[in-house]
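Have a look at it first.

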Amino acid sequence: MTGESLNILQDNLEKLQAIFPDIFSEGKIDLEKFKATFTDDINFANERYVLNWAGKSDAFKVLQIPTTSTLKPQPEQSINFDTTENVFIEGENLEVLKVLQKSYYNKVKCIIIDPPYNTGSDSFIYPDSFKENKADYEKRIGDKDEEGYLMKEGMFRKNSKDSGHFHSNWLSMMYPRLFLAKNLLRDDGVIFVHIDDNEVHNLRLLMNEIFGEENFVASFIWDGGRKNDAKKVSVGHEYILVFVKRNTTDKEETEEDITDWKERKEGIDEIYSKYELFSKQHNQNWELVSKALQEWYKGLKESHPSKNHEHYKFADEKGVYFASDLSGPDDGRKNRPRYEVIHPVTKKPVPVPARGWRWEKPRMDAELKKGRVHFGTDESSIPNAKVYLKENEYQAPSSVFYKDRRSSSGSLKQLMGDKVFDFPKDVSVTKRLLNLIMNDGDIAMDFFAGSGTLAETVLEFNREKKINTKFVLIQLPEPIEEDSRPFNAGYKTISDISKERIKRVIQKIDKEKNEKPELFDNGNLDLGFKVYKLSASNFKIWRGSEITNENLVEQLDAFTNPVKAESKTDNMLFELMLKAGYLLTDKVKTKGKFFSVKDGELIIALEEMNQQIIDSIIKALPQKVITLDNLFTGNDQLKTNTVLQMKDAGIDFKTI
């Protein structure tokens, strides 16, 4: 009951949609489909197989608009800021992805995101006007908080199903972000995107367009448990779409790590443990060991992970194995090898398989010599090949799996001491994805970081695997609703929750490391993270949006003194590193009056410049030098000489 009179137009539209749903798109009549259904005028404009939506061109324009924003370091919110290679960035993710384009281009191995599912009740950033002019657009995206950070609050709003651009809004939000994300992936990089039934169909088409249909890998289906409040069907699953940046060739695949895109079989360590136990109990009598192993398998529940491998029921001095058929395959070939094989105990020939042997005689002789042929108790049975479990520990992951999603909420609540976030991603599921492709030194990114699940996963993953992968998380400082449980617990934004979660995980692992150092033989375990905030540039010359015809004095000042008055040295340092294409985690050392980045590859001077400093810089033989132009004020000769000296030394010299 609304208190309003009947909306006749809406009532008629609903009746028409009930009869002819095919002529509607996003709740509106599609005139082309209407004509095709009710008239002979069938003429679809631009017929081709393509995903299109209202505002697609605007989404592409948003993608192409460059940014001069920077990332401001926040050491006081970080842990081990000077040494860690993990990064957390607070800011609007589209703008941050643009900021990272140069420095992280082609450097990220894995992206895992859990974007808004577009359920009709979630909020996200999207352009809600498709006819605004450029000035209005620039004004809207320039929204800043009281500290000057780019927040884009003006674009952050609920996408209601009542909107005539419900799906279009979501696609316009996702398109530029996925496009920029692809640039950050390495050639062997992979992206995993969580989604549900609301947009999985559109997301698949969108990613086909951005990444290429040929680079689609799979769609994982995660069964998270039954929902008993369902009216018709209990939809307890969601999807994880998987795309690679570039599919490898057959030659390249042979050079990959054997464990890439493979999972270690569950339950095999318990099998190994029983093998060792039974070997000792039966004094390496392999017949008795095999019988004991088979009895153990029989006693397992069907749900036990080791039960899936009960065909590995024989044992010898090399390990546990299963007996594989040595008959030739049923492929119609008539001239399969047929030769005599002698039983090692009875010294009598065994039967030849009806289809002949799988192996040629030289191969059979070699396998017999290596003890890799399994014989029966006498010559009456056909022998088999031994296939050892230790040589087949990895398998391709199943595209369908079960993991109760409620456990992730419980684990986060236990860590944080209260329920501070709804529906966090599951650490074990995320770890499973990392385990498929991540190796030592690789970078994983999440630009819809939420509660920070990826950070916890990477930290736990490194501890278990004894390697050092790294994370880059991006999260908008989305305000938390007042009087909610997280707000009353002291969290003002979602990013506050993320940062606190990362700190608590680090503290937990550090405590365990101190209590049981013998379990941590990885001496280089990275227990830290750097925090950065999206910010306007420190340099007036790059803040062109603030310069108008009405403030020519400020405009002239931007060229004579390019640095904002309140800019700090560290802020300028990291901005210049980013814009020169260096990572946020590249090592920085202070060398007198200048900074040395990445073992002297880049030198940045921000405080003073004289001939002695110039000589020291040239002696260090950097590839590139960046300094402030106003450091040469009043000494044009010094600047001219510096330019010539740098050129003679083969150094790329820039002034701001």
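Predicted model: local features only at pLDDT ≥ 70, side-chain atom pairs only at ≥ 80, totals over all residues.

## Inside the core

Setting aside residues up to four places away in sequence, Leu100 touches Leu71, Ile89, Tyr105, Leu184, Met445, Ile474, Leu578 and Leu584.

Leu100 also shows up, with Leu71 and Ile89, among the residues with the most contacts inside the largest nonpolar core, which has 84 residues. Helix H6 (residues 166-184) gives this core its largest share, nine residues. There's a second, separate core too: it has 46 residues, including Phe88, Ile437, Ala444 and Ile506.

## The sheet

Ten strands make up an open sheet with mixed pairing, in the order E3-E20-E4-E19-E18-E5-E8-E10-E9-E17. Strands E3 (70-73) and E17 (400-402) sit at the edges with a single partner strand each, so one side of each has no neighbour in the sheet. From one strand to the next, the twist averages 20°.

At the E17 end, strand E9 (residues 216-223) pairs with E17 in the parallel sense over three bridges, and Ile221 stands opposite Val400 in E17.

## Helices on the sheet

Helix H14 (residues 453-465) lies across strands E5 (108-113), E18 (443-446) and E19 (470-475), and runs at about 170° to E19. Helix H18 (residues 569-579) packs on the sheet as well, touching E3 and strand E20 (530-535), with its direction at about 140° to that of E3.

## A buried loop residue

Where does Leu631 sit? You'll find Leu631 in the loop between strand E24 (624-627) and helix H20 (636-648). Leu631 counts as buried because its relative accessible area is 18%, under the 20% cut-off.

Beyond its neighbours within four places in sequence, Leu631 is in contact with Ala605, Leu606, Glu607, Glu608 and Met609. Asn610 is 21 residues from Leu631 in sequence, and their C-alpha atoms are 8.7 Å apart.

Key. Residues numbered from 1 in each chain as written. Heavy atoms only, no water. Helix = DSSP H or I, 4+ residues; strand = E, 2+ residues; numbered from the N terminus. Buried < 20%, exposed > 50% of the residue type's maximum accessible area, 1.4 Å probe, protein only. Contact = heavy atoms within 4.5 Å. Core = buried A, V, L, I, M, F, W, Y, C linked by side-chain atoms within 4.5 Å. Pairing = 2+ DSSP bridges. Axes fitted to C-alpha atoms, helices over the stretch in contact; angles between N-to-C directions.
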